[in-house]
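Let's take a walk through a protein model together. Keep the sequence and the 3D view open as you read.

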Amino acid sequence: MTTTAKLLWIDDEIELLKAHILFLEKKGYDVDTVSNGYDALDMVGEQTYDLILLDENMPGLSGLETLTRIKVISPTTPVVMVTKSEEENIMDQAIGSQIADYLIKPVNPTQILLTLKKNIHLREIVTVQTQTAYQQNFGQLSMLISDAANIDDWMEVYRRLVAWELQLSETDSAMKEMLIMQKSEANHGFARFVAKNYLHWISEAEAADRPQTMSPDIFKRRVFPLLDQGEKVFLLVIDNFRYDQWRVIMNEIADLFQVDESLYCSILPTATQYARNAIFSGLMPNVIAEMFPDLWVDEDSEEGKNLNEAPLIQTQFRRYRRQHTFTYNKINDSAAAEKLVQQLPSQMKYDLNVCVLNFIDMLSHARTESRMVRELANNEAAYRSITLSWFRHSAVADLFRSLAQSDYHVILTTDHGSIRCSNPVRVKGDKNTNTNLRYKLGKNLEYNPREVFDITNPHQAQLPSPNLSTRYIFATGNSFFAYPNNYNYYVSYYRDTFQHGGISMEEMLIPLVELTPKKR
């Protein structure tokens with residue numbers, strides 16, 4: 001029989017446990033036994049065990065003392081405490097000593113087997129179960145992708161794909177590759193859907209099939225109604241924040257807030273200059289450029305593209321004759337976040353607090369430019385992991401804890417997401433063509449129209465047109481634009497980087513979440 005795992009059972013009445021040990025051996029476990037703590041320490045020092053069962057009440061060296069010494073010799077070996085005592089202080093001491101589980105005597109074989117499965121075989125079991133569940137749902141999900149007919153259908157497709165991605169990422173399943181292919185298939189279908197409907201959505205704001213909420217609608221549909229109800233609102237915009245990143249952060253704050261999660265649809269291009277300015281102004285980009293030319297920055301300008309966000313919010317307040325007060329903060333580092341946390345009580349005098357958080361966008365750019373960061377975030381799961389680690393150890397986590405103790409109604413959202421790009425698409429442009437890898441605009445663009453979504457009349461898409469012959473092209477799926485000059489170097493440098501500006505579920509279908517402190 002193949003050995004399932006190697007166990008050490010420490011109990012001063014070990015002779016009375018022969019039936020349990022025989023049961024475990026029949027299940028394939030190799031069980032060593034000792035009757036005291038001193039012998040146990042010798043055994044642990046000589047060989048490696050997958051798990052140790054430890055009696056709490058032993059003469060000589062007690063269970064808790066033995067546990068402490070075992071952790072010095074073999075700190076990663078899971079130890080399950082077995083005891084007759086149900087006293088809370090004993091439990092607290094054992095748990096504080098980092099036990100893996102706690103069993104109350106008399107134990108039965110099923111209890112023991114369950115704790116072994118939880119502490120030795122958990123990843124294997126989860127892998128098998130998750131893999132089986134995904135295989136069973138694969139056909140249903142494929143049907144959902146092929147039948148998706150409106151934006152709500154595509155949002156449901158994306159939610160399910162992300163849910164499976166998060167589950168499979170915690171396993172060793174080979175199904176991850178199948179999911180990547182299914183997600184790619186979905187993104188191709190989504191791009192066809194957007195190409196077919198986008199101009200219609202934009203030209204007919206009241207169209208029945210238009211997404212209910214797009215970038216210019218955030219304030220009108222989500223912020224202003226709360227202000228009208230007398231709520232104090234804290235709007236947190238995390239730049240370049242994907243739905244899967246939100247899902248891992250959600251688990252960190254779920255005990256602090258009641259969560260009302262939804263997705264909304266970003267406008268094109270899915271880039272800060274366009275999408276975020278549309279959020280803050282409540283206007284499409286060409287209208288901003290026409291009505292407030294001093295607040296719009298052209299693509300070829302050296303000036304920062306997001307320097308006028310507070311003035312753009314002010315224009316929206318004026319246009320809707322809003323008398324509410326607001327303040328605006330941009331957070332680029334931990335020091336700025338800490339300062340905001342300290343100032344939070346004084347910010348309560350404003351009806352609306354708007355905060356833009358740039359870390360994830362900075363991480364995305366750093367990953368492109370730094371080989372070390374690229375290695376740290378070499379795939380989707382690692383990218384999420386770095387995002388989660390940053391959140392846990394940054395002042396932003398303190399900000400959420402402070403907001404949970406406040407009277408704010410929190411809206412958490414983003415301007416766009418990003419996608420990992422691996423497929424180069426050749427495009428030619430003159431020296432005035434913008435540098436973004438997922439969208440281009442210019443008057444002399446050369447490209448294969450079958451490989452892009454092109455807008456030959458920017459006015460239809462409510463986009464600025466610097467020249468009469470300006471056109472926009474957008475990369476779809478996991479494509480990125482590459483120039484023929486120095487093509488191989490360019491492709492090698494940018495392949496597998498996270499980019500934004502184009503058409504994909506990751507970039508366009510993005511979180512819009514309302515958080516209500518549970519303290520209410």
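Which residues does Phe-219 touch, not counting residues up to four places away in sequence? Its partners are Phe-224, Pro-225, Leu-235, Ile-279, Phe-280, Ile-313, Gln-316, Phe-317, Leu-352 and Val-354, where contact means heavy atoms within 4.5 Å.

## What you're looking at

This is a predicted model, where local features need pLDDT of at least 70, side-chain atom pairs count only at pLDDT 80 or more, and totals for chains, interfaces and linings use all residues. Residues are numbered from 1 along each chain as its sequence is written, and side-chain values use heavy atoms, with hydrogens and water left out.

The pLDDT is the predictor's confidence in each residue, from 0 to 100. Here the chain averages 90, and 95% of the residues score at least 70. Confidence is lowest in helix H4 (residues 88-96), with a mean of 60, and highest in helix H20 (residues 505-508), at 98. Helices (H or I, at least four residues) and strands (E, at least two) are DSSP runs, numbered from the N terminus. Where pLDDT is low, the predicted coordinates should not be read in detail.

## The nonpolar cores

Back to Phe-219: it is among the residues with the most contacts inside the largest nonpolar core, which has 112 residues. Trp-154, Phe-190, Tyr-198, Phe-234, Phe-280 and Leu-352 are on that list too. There is also a second, separate core of 19 residues, including Ala-40, Leu-54, Leu-67 and Val-79.

A nonpolar core is a set of buried Ala, Val, Leu, Ile, Met, Phe, Trp, Tyr and Cys residues joined through side-chain atoms within 4.5 Å. Buried means under 20% relative accessible area, exposed over 50%, and partly exposed in between (1.4 Å probe, protein chains only). In soluble globular proteins, nonpolar side chains tend to be buried together.

## A buried threonine and some cysteines

Now find Thr-130 in helix H6 (residues 122-147). Is Thr-130 buried or exposed? Thr-130 is buried, because its relative accessible area is 8%. Leaving aside neighbours within four places in sequence, Thr-130 is in contact with Trp-164, Gln-167, Leu-168 and Thr-171.

How many disulfides are there? The count is zero, taking a disulfide as a pair of cysteine sulfur atoms within 2.5 Å. For Cys-265, the nearest cysteine sulfur belongs to Cys-421 and is 18 Å away. Cys-265 is buried, with a relative accessible area of 0%, and Cys-355 is buried at 1%.

Two cis peptide bonds are worth a look. One runs from Lys-105 to Pro-106, with omega near -5°, and Pro-106 sits in the loop between strand S5 (101-104) and helix H5 (109-119). Another runs from Leu-268 to Pro-269, with omega near -10°; Pro-269 is in the loop between strand S7 (257-265) and helix H11 (272-281).

Asn-486 has a positive phi of about 55° although it is not a glycine. Asn-486 counts as exposed, because its relative accessibility is 57%. Gln-462 also has a positive phi of about 55° without being a glycine, and its place is in the loop between strand S14 (453-455) and strand S15 (471-474).
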